[in-house]
Amino acid sequence: MKRHTLLHTLTLGTLLSITLFSCKKENGIDNDTVVKKPYGLYVTSEKGELISTNNGDDYTTVFPVDGYATRSLATTSKGIVWIKANLFVSLDNGKSFNPKITVSLPPTPTTPWQNMLLSALDQERIYVTSTLDKGIFYSDNNGSSWSPDPNWETGVTGGDISSFTQLKNGVIYARSNSNGGALYKKDNKTSNWNIVTQNAPLLPSSGTYYLNHFDNTLLATDVFGANGVYYSNDGQSWKQYPGLPARKLYTTQAPFDQVLLVGTDSMGIYRLQSGQFVPSNNGMPTNATVYGIVGKNNIYKNGANKQFIYIATDQGLYRSEDLGQNWVMVKPGSYRSVY
């Protein structure tokens, strides 16, 4: 993949105004309408295009169509780390992407692993899966250079890591596709990766799982759908959430740690309610395939916080302002991920 040039300049720091009713002003500016901290949203199409927005309405092309689907994307304090066929890094807001092929990514799976990357903001570090060493590389300089994580418990095999997640308390988990589905835990930046002992009830061995979390609850989703979504308070024993259909489950996310959503193959969004999943497709086609879910928020100068949830589907990009109960299309098209 050749180095590419940004088609249109992306300005993540642009301040946006949203009209609200208020008479509180400072220096002639209505503090209830001025966004102090705007969000940056990235969306990828099925053909490899990367677009961005700060308000959900106006979109800028960051990277053109190239025919290579996105596998994972993460942002750092100064850049973008993007996995397609290889791993690429931009330190200039997407004007150019430089390959970091020394990481040696796992082969492209049948279903993209969106959690192959983990941006641990509290550590100022980003992690990625690799076929080298024990399967986990990291960067402390926004993706400019990468090294294998040397901190492992003595005797731990590692290898074949499929996904990461970081709980609200900062603890990171990584799961292997081999070694009996081994689960590894890292408490902080300098601690070892330790293997987590599994106790009954176990995850069904027939599943192909990726990790995520809801607050401090660890989640494991069977991407092929047969086993649904399991949860654990310690990573050792597991229970299943009821209510999901026997379909592929492409994404599981808990925006703002306030609601748990699952994106399905051709049956839309499911929302956890009173301990079980129920369909939550008001305002969108019930047969939509949902590939990506993310939460974004605007913080206003007066301290107000407005939350949005975006989902990438094969029938458009949708937004919810009530934690996934109702949806509105904001951009037509076929999209494969959202960050």
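This is a predicted model: local features need pLDDT of at least 70, side-chain atom pairs count only at pLDDT 80 or more; totals for chains, interfaces and linings use all residues.
1. Two strands are said to pair if DSSP finds at least two bridges between them, and strands themselves are DSSP runs of E with at least two residues, numbered from the N terminus, while helices are runs of H or I with at least four. By this rule strand E15 pairs with strand E16 (residues 172–176), to which five bridges join E15 in an antiparallel run.

2. Residues are numbered from 1 along each chain as its sequence is written, and side-chain values use heavy atoms, with hydrogens and water left out.

3. As a whole, the protein has zero helices and 31 strands. Of its 339 residues, 52% are buried, where buried means under 20% relative accessible area, exposed means over 50% and partly exposed lies in between (1.4 Å probe, protein chains only). Taking contact to mean heavy atoms within 4.5 Å, among contacts between residues at least 6 apart in sequence, 48% join residues at least 24 apart.

4. What is the order of the four strands in the open sheet? The order is E15-E16-E17-E18, and the pairing is antiparallel. Strand E15 (161–166) and strand E18 (194–195) stand at the edges with a single partner strand each, so one side of each has no neighbour in the sheet. As background, strands of a sheet pair through backbone hydrogen bonds, either parallel or antiparallel.

5. The aromatic residues deserve a point of their own. Rings of Phe, Tyr and Trp (its six-membered ring) pair if their centres lie within 6.5 Å, with planes under 30 degrees apart counted as stacked, over 60 as edge-to-face and the rest as tilted. A search of the whole structure finds 13 aromatic pairs, including a tilted one between phenylalanine 164 and tryptophan 193, at 6.4 Å centre to centre and with 45 degrees between the planes. This pair links distant parts of the chain, since phenylalanine 164 belongs to strand E15 and tryptophan 193 to the loop between strand E17 (183–186) and E18, 29 residues apart. Phenylalanine 164 is buried, with a relative accessible area of 1%, and tryptophan 193 is buried at 0%. Both belong to one aromatic cluster, formed by Tyr127, Trp152, Phe164, Tyr184 and Trp193.

6. A nonpolar core is a set of buried Ala, Val, Leu, Ile, Met, Phe, Trp, Tyr and Cys residues joined through side-chain atoms within 4.5 Å. The largest one here has 28 residues, and those with the most contacts inside it are Leu87, Leu117, Val128, Trp146, Leu260 and Phe277. Strands E8 (80–83), E9 (87–90), E12 (125–129), E19 (209–214) and E25 (269–273) are the elements that give two or more residues to this core. Apart from it lies another core, of 14 residues, among them Leu118, Ile136, Trp152 and Ile172.

7. Strand E9 can be followed residue by residue. Leu87 and Val89 point one way from E9, Phe88 and Ser90 point the other way, and all are buried. E8 and E9 form a hairpin with three residues between them, and they pair in the antiparallel sense over four bridges, valine 81 having valine 89 in E9 as its bridge partner. With strand E10 (residues 98–99), E9 is joined by two bridges and again runs antiparallel; here proline 99 in E10 is the bridge partner of phenylalanine 88.

8. In general, most residues other than glycine have a negative phi, and most peptide bonds are trans. A cis peptide bond, with omega about -5 degrees, joins alanine 200 and proline 201, and proline 201 is placed in the loop between E18 and E19. Phenylalanine 256 has a positive phi, near 60 degrees, and lies in the loop between E23 and strand E24 (261–264), where phenylalanine 256 is partly exposed with a relative accessible area of 25%. Leucine 323 also has a positive phi, of about 60 degrees; its loop runs between strand E29 (316–320) and strand E30 (328–331), and leucine 323 is partly exposed at 21% relative accessible area.
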